[in-house]
Amino acid sequence: MIEARHLRVLRAVAATGSFSAAGRELGCTQPAVSQQMKALESSVGTPLLVRTGREMRLTQAGEALVRHAAGIIAGLTAAEEEVAAIAGLRAGRVRLVSFPSGSSTLVPTALAALRAAHPGTRVSLEEAEPPESVEKLRAGDCDIALAFRYEGAAGAEEWDDLVVRPLLRDRLVGLVPERHRLARAGSVAIAELAEEPWIAGCPRCRGQLVEVCRAAGFVPRIDFATDDYPAVVGLVGAGLGVAVLPELAIESVRPKGAHTVTVEPPVRREIVALTLPDLAQVPAVAATLDQLARAASR
């Protein structure tokens, strides 16, 4: 095993011609230089230097190693500088996957603050709903996954192998056409919407809707299903049904032609940022998690 520190000593000896002069250049003693050269010769299994009077002369093997040492040391120096830049957040890359309502609310605020604080850190964004986003994280296709799960839903242990950064609890709100009989109600029991046609969201949200309605004593008649929140709002606004949407989704969409109402009993989802334990130690990833938490607290 050839060590970089031994190569640096070899280059100094080759340039100065003696152990003493190399020691002065490197800021160490002559015996220390001698010991490191012996260790290097032991590693490569052949002599690298021959003493000629008061000077040292390189053997053929020594000349070959010095010739390669320049490129090796230059490469190591460049690697050290790049790692130092990443560690100091002067550089770095973070791959973020988020569900749509998170992308339009939490993510812009967080990334704007991250860029202002650490302009050398680059963040890419891709959209995916959980559990797909979580699968991408485990597969190494992203560094942070913004995800959610509903309170009381099964599968709480599904993130046990991940670092979980809680961000906020997002309550679901009802959405009804503006001319609906309950449009001006302060709060609505979900059972009051039992006879209504429904517009459902993403598969996980759709499953949660069905569970909540069943708990209230009915099965919702789902006429339309779409992952596109503006489409849900548009369908409700056109009088084609009712829906429940997360508050984050309402923040990002202007509910034209529709009214929001508080739904009882309350249904909430937990919004979190997920990463792998080793990635949580990477400065750029840690800084992004911090900014997501700050954006969620505003």
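Predicted model: local features only at pLDDT ≥ 70, side-chain atom pairs only at ≥ 80, totals over all residues.
## Two helix pairs

Two packed helices are described by the angle between their axes and the distance between the axes. Helix 1, which covers residues 4-16, packs against helix 2, residues 19-26, at an angle of about 120 degrees, and the axes of this pair lie 8 Å apart. Angles from 65 to 115 degrees would count as roughly perpendicular and those over 145 as roughly antiparallel, and helix 1 and helix 2 are therefore oblique to each other. Helix 1 passes helix 2 in a right-handed crossing, and the contact brings together R8, V9, A12, V13 and T16 from helix 1 with F19, A21, A22, E25 and L26 from helix 2. By class, the residues of this contact comprise seven nonpolar, one polar and two charged.

Helix 5 (residues 100-117) and helix 10 (residues 283-296) form another packed pair, with an angle of about 125 degrees and axes 8 Å apart; helix 5 and helix 10 are therefore oblique to each other. Their crossing is right-handed, and the residues that make the contact are L106, V107, T109, A110, A113 and L114 on helix 5, together with A287, T288, Q291, L292, A295 and A296 on helix 10. The contact of helix 5 with helix 10 consists of nine nonpolar and three polar residues, with no charged ones.

## A pocket beside helix 5 and helix 10

The second largest pocket has a volume of about 170 Å³, and its lining is made up of T105, L106, T109, L168, R169, D170, E247, L248, E251, A295, A296 and R298. The elements that each contribute two or more residues to this lining are helix 5, strand 6 (163-177), helix 9 (247-252) and helix 10. Among the lining residues, L106, T109, A295 and A296 also belong to the contact between helix 5 and helix 10. By class, the lining of the second largest pocket holds five nonpolar, two polar and five charged residues.

Two cavities of 30 Å³ or more are present in the structure. The largest cavity has a volume of about 120 Å³, and of the 14 residues that line it, G201, C205, R206, V244 and L245 are the closest to its centre. Strand 8 (197-200), helix 7 (203-215), helix 8 (229-237) and strand 10 (243-246) are the elements that give two or more residues to this lining, which divides into 12 nonpolar residues, one polar and one charged.

The second largest cavity holds about 80 Å³ of space and is lined by L172, I190, C205, Q208, L209, V212, V244, V263, P265, P266 and V267. Helix 7 supplies the largest share of this lining, with four residues, and the lining as a whole comprises 10 nonpolar residues and one polar residue, with no charged ones.

## Backbone features in loops

A cis peptide bond joins P130 and P131, with omega of about 10 degrees, and P131 is placed in the loop between strand 4 (121-127) and helix 6 (132-138).

L89 has a positive phi of about 60 degrees although it is not a glycine, and L89 is found in the loop between helix 4 (60-87) and strand 3 (92-98).

Methods. Residues numbered from 1 in each chain as written. Heavy atoms only, no water. Axes fitted to C-alpha atoms, helices over the stretch in contact; angles between N-to-C directions. Parallel < 35°, antiparallel > 145°, perpendicular 65-115°, else oblique. Left-handed = near helix turned anticlockwise from the far one by under 90°. Contact = heavy atoms within 4.5 Å. Nonpolar A, V, L, I, M, F, W, Y, C, P; charged D, E, K, R; others polar. 1 Å grid on protein atoms, 1.4 Å probe; cavity = no way out; pocket = protein on both sides within 12 Å on 5 of 7 lines; lining within 4 Å. Points joined across faces, edges and corners; volume = space filled by probe spheres on them.
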